[in-house]
Amino acid sequence: MEVQPELASGEVKHLQRCINDLVSLLALPAIWSGGDPSQVLHTLLDALLRMLRLDLVCARLTLPVGEAPVEIVEIVRTAEPRASMPSAHEICEALSQCLKDGSRKWPPLLRNLMGEGDVSIVPLPVQGELGVIVAVAQRTDFPRQTEALLLSVAANQACIGLQEARLLAHQKRVSAELDQRVVQRTAELAAANEELKKELAERGLIEERLGREERELKRSEVRKTAIVDSALDCIVTIDHEGCITEFNPAAEHTFGYRRDEVLGKHLADVIIPPSLREKHRQGFARYLATGKARVLGKRIEMTAVRADGSEFPVELAIARIPLEGPPSFTGYLRDITERKQAEQALRRSEAFLAEAQHLSHTGSFSWRVATDEITWSEQLYRIYELEIGVPVTLELIRSRVHPEDLTLFERMVEEARVGGSDFEWQYRLLMPNHSIKYMHALAQSTRDQDGQLEYIAAVQDVTARRLAEEARDKARSELTHVARVTSLGTLTASIAHELNQPLSGIVTNAGTCMRMLAADPPNVEGARETARRTIRDGNRASEVITRLRTLFGKKEATNEPVDLNDATRDVLALSLSELQKNRAILRPELADDLPLVTGDRVQLQQVILNLLRNASDARSTIHDRPRDLLIRTEPDDNNRVRLSVSDVGIGFEPQAADRLFEAFYTTKNEGMGIGLSVSRSIIERHHGRLWAAPNNGPGVTFSFSIPCRPESLTSDSTRDSRIPSVSDGA
Amino acid sequence: MDALPREAHCYAMELRREKRAMERPLVSVVDDDESVRESLPDLLGEFGFAARAFSSAEEFLASDCVDQTRCLILDVAMPGMSGPELQRELKLRRREIPVVFITGQREEIVRLQVLKQGAIACLFKPFSDTAMLDAVNSALHPK
């Protein structure tokens with residue numbers, strides 16, 4: 001080729017640049033190595049655009065993806081767009097038009113394809129069917145020779161790169177598939193492994209268990225033999241034919257057979273009395289046939305027979321031995337001769353007790369205080385007229401207690417809960433038919449095995465006795481009253497009669513005397529005689545009075561030191577039962593260090609008793625409230641000692657207080673006034689005084705106050721109080 | 001008269017009583033109490049009646065005075081037959097004599113009872129001489 005110098009230098013530069021570009025193109029695979037096809041194309045197109053100063057470059061590829069249909073990828077790279085420049089899409093469309101004829105051969109160069117403005121298009125077959133690269137430049141000298149060379153090299157490079165990329169992708173896909181397959185297989189192997197491990201472990205466990213079970217079975221056998229041999233109960237096992245397979249020492253002892261004598265023999269022939277053998281055989285046969293048994297799993301009592309033929313009662317429990325194969329059974333037998341005897345003795349004893357309770361109208365109960373668990377005897381149910389066996393509660397008992405005795409009942413329950421000591425009380429029941437029953441209860445406290453408080457009590461229905469007593473008491477008190485009134489009346493009449501006789505004589509004689517003296521002539525002799533008789537009758541009257549005094553006069557009262565507290569306590573002890581009968585609650589408040597008094601102990605006690613009775617009698621009209629009686633001793637002013645008896649029960653009607661005062665000031669037939677007037681005279685004899693006063697609250701207080709014993713006195717001035725003084729009595 | 005010995009005086013009194021009895025109505029006194037038996041006849045004598053005293057109802061019934069007695073002064077309560085019983089007995093014998101009861105027991109019930117049975121009066125001892133005179137007079141002269 002002919003070369004001009006200036007031209008030659010331009011040519012050299014051009015060639016140098018071409019070589020540089022060629023080198024760059026050849027270096028491209030290093031850049032896209034490992035990339036996917038699109039990355040290869042991007043890199044190539046960018047390089048061509050820059051290298052050949054193209055206006056547009058694009059690539060169209062059909063990429064086979066596995067066996068899937070061909071996919072067309074278009075990649076377009078442009079330099080700065082110009083107004084006259086066709087779009088990449090238009091170019092591709094144009095190319096498609098020219099390839100429409102079906103020719104798969106790309107033309108090497110297309111010129112002025114778009115008409116306006118020159119565009120050079122260089123289609124680059126990339127391995128023919130794979131695709132095409134189109135380079136577009138508006139330059140007229142495009143493509144120069146060197147540029148065509150570069151383009152074809154580029155096309156080759158693209159082809160190699162794409163093939164490599166395609167290969168790589170294929171490899172990657174295969175590798176990924178392989179990996180996945182490996183993972184899957186690994187997982188399968190791991191699962192299989194796991195299963196194997198599990199299987200091994202299970203096999204180990206089973207072996208271990210089998211070993212353990214075997215050991216346990218051995219131990220259990222030893223244990224069972226020991227139990228069977230040492231059992232107190234007879235243990236007999238039989239097979240499905242009813243033949244004895246085991247006969248323990250207790251059975252040997254009880255029945256009198258040796259084990260080896262009976263093994264293999266029919267059970268029925270050994271221990272069952274002849275009379276029952278047939279029944280036993282039938283039952284056994286029925287069980288074998290139907291599987292239904294009347295005796296299995298139950299405790300039954302029957303008669304058994306010993307080797308010597310003697311019969312005795314046994315308790316029997318039969319259990320089927322839970323083994324496969326023909327059924328076999330274990331029988332547990334216990335000689336219950338002693339228990340039977342004890343049961344009979346107990347029944348007899350219970351019958352005796354019930355009869356005794358019935359005859360004596362006495363019931364019994366136990367009461368566990370902590371749980372309020374109450375057990376009654378049958379007789380108690382009868383007494384309370386409740387259905388035998390209904391659960392007993394305090395509430396139920398309370399429903400029967402007479403309303404007037406409820407307060408007392410509650411108090412007893414309360415005290416019993418905390419007390420823990422034996423107690424005794426009397427109360428009444430109000431039955432549904434409004435009849436009243438009198439009860440007398442005696443309770444003994446015990447502690448059960450847990451140390452809990454429990455009362456065992458006997459309750460007697462004393463209604464009949466009580467009614468008889470009441471009738472007797474009434475009769476007695478009426479008699480006393482009659483006797484007192486009668487004796488008083490008799491006394492009065494007798495005094496009057498005894499005195500009226502001589503008085504009558506005196507009056508008549510005096511009258512006669514006067515008449516004789518007034519006569520004319522006066523009958524002086526007659527008058528003297530009548531006057532003499534008057535004197536004699538006067539003396540007779542005087543004698544009558546002396547005789548009455550001897551007959552009815554009190555003996556001289558004794559004067560001894562008296563402890564009023566002691567005297568009071570004696571009276572309380574004597575009158576407690578009577579107070580209880582009136583359902584009065586007595587509260588003694590006796591002062592400590594009470595000075596002694598001088599007097600007649602018995603007389604003073606009569607006064608105290610009288611005051612208590614008055615209070616208690618007066619209270620008898622009150623039925624709906626508790627009755628509190630307060631008896632109190634205390635030092636009084638002026639070296640005196642005071643004793644008072646008060647009704648402090650709530651709700652003492654004012655009328656009742658009025659009645660008491662009335663009774664105190666009058667002497668009515670009731671005898672109360674008489675008792676009080678006697679009391680007053682006794683107290684006055686003791687230089688004291690007796691009075692009654694209404695309480696601040698309800699009720700009345702009777703008090704007496706008497707001087708202390710002189711020894712107790714300290715000054716001379718107070719000794720004057722011993723001098724009898726006129727008492728106003730109230 | 002003072003000079004007369006006691007026995008003689010008594011004898012004289014007895015004679016006078018008997019003599020009067022002939023002409024005066026006889027009043028009999030039956031009482032177990034001696035002072036009444038001693039004093040009352042003297043008083044009755046002073047009133048001008050003939051008087052006899054008996055210590056019991058039985059003694060009176062046994063005496064010969066039953067028919068002559070015009071008025072009977074009778075103690076209510078006596079050992080043995082009582083006053084009212086004697087009154088009933090006389091009624092049974094159809095010999096009804098007016099009765100004046102006297103009693104040492106001041107029992108209104110007794111008084112009413114005997115009055116109901118037909119007594120003339122019932123005087124409580126000690127009674128006044130005039131009350132006795134009134135009672136005897138009304139017995140002897142029924143209106």
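The model is predicted, so local features need pLDDT of at least 70 and side-chain atom pairs count only at pLDDT 80 or more, while totals for chains, interfaces and linings use all residues. Residues are numbered from 1 along each chain as its sequence is written, and chains are lettered from A, with ligands numbered from 1, in the order in which they are written.

Begin with chain A, where five strands form an open antiparallel sheet in the order β12-β11-β15-β14-β13; strands here are DSSP runs of E with at least two residues, helices are runs of H or I with at least four, both numbered from the N terminus, and two strands pair if DSSP finds at least two bridges between them. Select 373-376 and 423-430 of chain A, which are β12 and β13: each has a single partner strand, so one side of each is left without a neighbour in the sheet. The twist averages 25 degrees from one strand to the next, with axes fitted as lines to C-alpha atoms (for helices, over the stretch in contact) and angles running from 0 to 180 degrees between N-to-C directions.

Within this sheet, select 436-447 and 453-461 of chain A, the antiparallel strands β14 and β15, which are joined by nine bridges; A:Ala443 stands opposite A:Ala457 of β15(A). Next, select 406-419 of chain A, helix α12, which lies across β13 and β15 of chain A and runs at about 145 degrees to β13(A).

Move to chain B, where five strands form an open parallel sheet in the order β2-β1-β3-β4-β5. Its edge strands, β2 (50-54) and β5 (121-124) of chain B, each pair on one side only, and the twist averages 20 degrees from one strand to the next. Select 26-30 and 69-75 of chain B to see β1 and β3, which run parallel and are joined by five bridges; the bridge partner of B:Val29 in β3(B) is B:Ile73.

Now display both chains together: 20 residues of chain B are in contact with 23 residues of chain A, contact meaning that C-beta atoms, placed from the backbone, lie within 7 Å. On the side of chain B that touches chain A, the largest share, eight residues, comes from helix α2 (residues 34-46) of chain B.

Finally, select 145-230 of chain A, helix α4, whose 86 residues reach 123 Å from the first C-alpha to the last, close to the 128 Å expected at 1.5 Å a residue, the expected span being 1.5 Å times one less than the number of residues.

Technical notes. Contact = placed C-beta atoms within 7 Å.
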